[in-house]
Amino acid sequence: MTIERMTGTRIREKRMDIGLRQASLASAVGISPSYLNLIEHNRRRIGGKLLSDLARALGVDPSNLAGGADRDLLDQLHSAATLAGDMAEIGRAEELAARFPGWAALIALQARRLAVLDERIGALTDRMAHDPFLANALHDVISAVTAIRSTAAILISQEQIDADWQRRFHENIHTDSLRLGKSSEALVAYLEAPADAEQSPDTPMGQVDTFLAKNGYHLPMIEAETATPDEVVGLSGLTGAAAALLAGICRQYAADARALPMDAFAPAAQACNYDPALLATRCGTDFATILRRLPCLPPGAGHPPMGLAVCDAAGALLYLKRVPGFAMPTAGGACPLWPLFGALSRPSQPLRAEAILPGATASHLLCYAIATPLAVHHFDQPPVLRSTMLVMPDMAQGSAAPVPVGIACRICPRADCPSRREPAIIGTATAL
């Protein structure tokens with residue numbers, strides 16, 4: 001039943017709420033009780049003077065009887081109903097909103113809260129599964145506990161232990177307990193930080209990432225040329241190694257912005273469906289610049305989330321922009337199966353691959369990578385390579401042979417991986 005046909009139902013419910021008899025209401029507006037009965041059962045349309053007379057007799061505004069449910073509320077109810085599947089009677093959402101607007105608003109509010117909670121749980125799950133800093137902290141805690149347990153087992157054995165060795169074991173337990181306490185405090189402090197604090201702020205890269213994340217990895221001052229890279233570094237408040245790292249990033253950002261101004265690049269990216277190869281052809285620029293430029297699209301403008309990683313020829317990360325489902329350890333030990341590292345063996349050749357992470361959620365990521373040599377200034381010297389990888393979490397194509405990648409060996413459960421360097425730190429690795 002549509003909202004427009006619910007006027008009679010609202011008249012009947014309002015009349016019953018105030019304890020007015022049907023015959024009394026009919027007499028007050030000058031119609032017969034039988035005709036009012038037809039109206040209340042939605043068998044007669046009503047409007048104009050009669051609707052105004054009934055509203056006045058009931059003490060309500062005519063719009064409350066004829067207006068029906070708010071369209072935004074109905075949209076929210078329909079959205080909430082899709083979460084329940086076949087359990088919800090979607091066809092009766094209008095009737096619910098019209099007859100019980102308060103309860104309908106409560107249902108919509110609860111649905112919004114559930115959506116927020118689901119999003120937070122997803123972020124925390126992703127953080128627990130793929131956060132390299134958390135993995136390192138857990139490794140330190142487990143290592144300290146294992147060392148204390150082993151030393152304690154020796155001390156409580158039935159064998160006689162020399163006093164000098166006992167002293168050494170006691171010193172070891174004391175040292176390991178201090179290390180455990182420090183690691184535990186760092187772990188608790190990290191877990192209490194916001195869920196989007198992806199990197200440790202104690203490292204130069206962590207400080208740079210914090211600054212870039214606050215700006216959405218988009219620097220409008222450089223885009224508009226209202227500030228130089230050095231001025232942006234000064235405004236960031238960073239010093240030392242962090243300032244030097246940010247300066248290099250800002251200089252590259254400025255060069256890319258001059259080559260591909262955002263006013264023209266953003267609509268071109270949308271028109272090409274963010275395909276780097278099409279964009280490189282359309283913009284007439286190199287592939288690496290396209291890969292660096294796409295993650296700099298302004299946030300909040302409807303562009304998909306995109307991550308970026310840049311490393312040198314040794315595989316050391318120089319820049320990292322994380323996005324949901326994609327993370328890499330900044331302190332080394334990253335999975336060597338990422339196309340970022342595979343591109344180093346094929347300089348100047350663009351790579352495209354769909355990567356799949358382990359676990360029940362199994363994030364699929366569309367990756368583009370290329371390794372390019374920097375300018376050569378001398379003869380007979382090996383080229384200085386930089387590898388760049390763009391990551392698109394929501395644009396995977398369902399490849400029949402995705403590349404199985406991980407974050408790092410210590411938190412990867414793939415036991416049969418030929419590139420595994422060390423066993424997983426928690427549990428027994430299994431083939432996934």
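This is a predicted model: local features need pLDDT of at least 70, side-chain atom pairs count only at pLDDT 80 or more; totals for chains, interfaces and linings use all residues.

Trainee: Which residues of H1 are buried?

Mentor: Thr7, Gly8, Thr9, Arg10, Ile11, Arg12, Glu13 and Arg15. Each has under 20% relative accessible area, the cut-off for buried. After H1 comes glycine 19, with a positive phi near 75 degrees.

Trainee: Why is phenylalanine 100 called partly exposed?

Mentor: Its relative accessibility is 40%. Buried needs under 20% and exposed needs over 50%, so phenylalanine 100 falls in between. Phenylalanine 100 sits in the loop between helix H7 (93–99) and helix H8 (101–130).

Trainee: What makes Phe100 part of a nonpolar patch?

Mentor: Patch members need over 30% relative accessible area, and phenylalanine 100 has 40%. Phe100 forms the surface patch with Trp103 and Leu106. Together they have about 340 Å² of accessible area.

Trainee: How many cavities of 30 Å³ or more does the search find?

Mentor: Two, across the whole structure. Helix H11 (204–214), helix H14 (240–259) and strand S2 (317–321) each give two or more residues to its lining. H11 gives the largest share, four residues.

Trainee: What classes of residue line the largest cavity?

Mentor: Eight nonpolar, no polar and one charged. Asp209 is in the lining, and Asp counts as charged. Tyr319 is there too; Tyr counts as nonpolar.

How values were computed
Residues are numbered from 1 along each chain as its sequence is written. Side-chain values use heavy atoms; hydrogens and water are left out. On a 1 Å grid over the protein atoms alone, a cavity is a set of points where a 1.4 Å probe fits but cannot get out, and a pocket is an open set with protein on both sides within 12 Å along at least five of seven lines; lining residues have an atom within 4 Å of a point. Grid points are joined across faces, edges and corners, and a volume is the space filled by probe spheres set on the points. Patches are made of residues with over 30% relative accessible area and no salt bridge: like charges are joined within 9 Å, nonpolar side chains (Val, Leu, Ile, Met, Phe, Trp, Tyr) within 5 Å. Accessible areas come from the Shrake-Rupley method with a 1.4 Å probe; for residues, only the protein chains shown count as cover. A salt bridge is a side-chain nitrogen of Lys or Arg within 4 Å of a carboxyl oxygen of Asp or Glu. Buried means under 20% relative accessible area, exposed over 50%, partly exposed in between (1.4 Å probe, protein chains only).
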